[in-house]
Amino acid sequence: MFCSLKCWSLKRSLWAFHVNTGGCNGCDIEILDAFTPRYDVERFGIRLVGTPRHADVLVVTGPVNSKTAQRLLTVYDQTPDPKFVVAVGTCAATGGIFKGAYNIVGGVDNLVPVHAYVIGCPARPESIIDAIAALIGKIEKGDVKI
Amino acid sequence: MTFNLYFGPFHPALKEPINFTFEVEGEQIVNVKPALGYNHRGLEKLLETKTWLQSGFVAEHICGICSGSHNGCCYQGVERVFGIEPPKRGLYIRTLVWELERIHSHLLWLGVMLHEAGFDTLFMYTWRDRELTLDLFEEMSGRRVVYSMNTVGGVRRDVTDSFLQKLKKYCDYLEERTKFYKKLVLEDSTILARFQNVGVLSKNDAISLSAVGPVARASGAKRDVRYEEPYAVYDESPYQIVLGEEGDALAKTIVRIDEMKVSLDILRWIADNIPSGDYRIKFSPMTKAPENEAISRIEAPRGELFYYFKSEGGTTPSRVKVRTPTFANVLPVVKMLEGQYIADIPVIVASIDPCIACCERITIIDKGKEGVKMITADQLRSYAKKWYEEKYKVERGRK
């Protein structure tokens with residue numbers, strides 16, 4: 001019963017913290033675009049917060065490089081449970097075009113568990129919204145462990 | 001007694017991670033130490049493993065905001081290694097991409113700058129106008145942000161007449177909007193109070209610290225590759241250098257708004273005068289380059305972008321060097337921050353249009369008490385608002 005209360009409370013108010021682990025800014029401005037008048041995801045109760053301690057969702061962009069790997073883990077630990085990770089862009093999913101560079105660790109899922117992937121280079125705001133909606137659907141159905 | 005105030009590296013807005021350590025005495029900044037490298041991906045080494053034709057696709061991922069500039073500058077360098085001259089129509093379309101990108105980047109910057117000053121309504125306005133630019137990019141190239149328009153020896157896609165008609169309509173609409181923004185910035189007393197005489201960079205400092213782009217031009221230094229060494233079709237276009245005088249955050253804002261107007265003029269001129277004919281010449285992907293070296297410079301939205309290519313006669317470059325405008329502007333921003341107030345940090349850092357740097361996680365370490373205090377950018381913004389309210393209350397009381 002307690003679990004269903006948590007699910008219910010998360011459905012309409014996912015707060016997101018954005019972590020750039022070394023991306024090119026393409027996905028980052030598309031995420032910010034999703035918060036501006038044309039797409040306006042704030043109508044779904046999603047908003048960007050200034051610190052991981054307030055966040056439910058970590059929106060990670062860019063391939064993880066060796067300097068940000070430890071910092072991503074720190075940010076992940078600072079986020080209170082229940083927490084979800086959305087990997088935005090091909091780089092965050094696999095390393096993308098930067099695969100093979102000496103400083104790149106790879107996709108985000110090498111370090112932290114990922115609940116939704118958004119593919120695209122850069123990912124369009126529509127597909128980012130779609131991924132968040134899919135995540136909310138997963139929470140509703142109880143497909144993700146809370 | 002001085003405190004150390006850590007600034008960065010993570011943040012929710014849009015920019016890449018950077019870390020600043022501020023030594024502060026009371027409210028004033030005494031010393032600034034920037035730390036870079038959070039976004040290091042090893043791109044120069046990666047470019048050495050790609051063929052000449054592939055290099056531009058990697059180069060445009062150096063920065064997603066000025067991707068067209070990186071892409072175009074990279075291929076301009078490759079063309080100089082091979083000694084290829086692209087056809088005229090290709091150069092016109094390339095210039096069109098660069099100028100459209102300058103408008104999109106400056107609108108984005110204007111929104112972020114006003115957001116840092118606490119003016120969120122205008123942030124939404126500028127980003128709404130920016131969407132129209134992205135629509136044009138999507139119609140032209142199929143993608144909104146990273147458009148891969150250029151290639152060795154021209155551009156990858158042609159533009160249609162109906163697109164050029166749309167471009168003209170867009171220019172007319174945006175001309176009105178830039179007038180509105182300029183009027184607002186110059187007349188709104190809140191914006192003036194936050195921007196005037198904040199983060200001043202003198203002309204001498206701008207030149208001696210090698211500031212580039214609008215940061216240097218706002219201080220009155222004539223630094224613009226389009227002016228110094230016209231490339232593509234800039235020598236024929238109605239381009240005019242835009243200069244400021246004071247070098248403060250307000251001058252940087254006005255210079256960028258005026259530059260958008262110049263870009264609109266160039267776009268209109270391109271729409272009227274674009275020649276017909278081929279837009280690219282054929283280039284085989286596995287062509288071997290002659291032994292040669294070349295440099296390529298263009299004026300990206302943030303300032304001078306520099307590429308160096310060295311070829312030893314293979315299908316890949318043997319050395320690539322990239323110098324981006326924000327890197328050149330890190331030292332000037334350190335100079336601008338010295339002696340300023342903590343409340344002005346967001347505005348000053350945003351005023352150079354950093355492709356890095358934003359102020360998300362800030363740690364204040366009180367050396368005397370060995371205590372650690374963390375504040376976020378939102379807290380810093382509200383702190384800045386309160387600080388200014390107090391300041392003006394006191395001044396009003398005096399009057």
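Student: In what order do the five strands of the open sheet in chain A come?

Tutor: Strands of a sheet pair through backbone hydrogen bonds, either parallel or antiparallel. In chain A the order is β2-β1-β3-β5-β7, and the pairing is parallel. Strands (E, at least two residues) and helices (H or I, at least four) are DSSP runs numbered from the N terminus, and two strands pair if DSSP finds at least two bridges between them. This is a predicted model: local features need pLDDT of at least 70, side-chain atom pairs count only at pLDDT 80 or more, and totals for chains, interfaces and linings use all residues. Residues are numbered from 1 along each chain as its sequence is written, while chains are lettered from A and ligands numbered from 1 in the order in which they are written.

Student: Which strands of chain A stand at the edges?

Tutor: β2 (47-48) and β7 (116-118) of chain A; each has a single partner strand, so one side of each is left without a neighbour in the sheet. Further in, β1 (residues 15-20) and β3 (residues 57-61) of chain A pair over five bridges, with A:His18 opposite A:Val59.

Student: How many residues does each chain give to the contact between A and B?

Tutor: Residues are in contact if their C-beta atoms, placed from the backbone, lie within 7 Å. Chain A gives 35 residues and chain B gives 38. On chain A's side, α2 (26-33) is among the elements supplying at least two residues, and α2(A) has the largest share, with five.

Conventions:
Contact = placed C-beta atoms within 7 Å.
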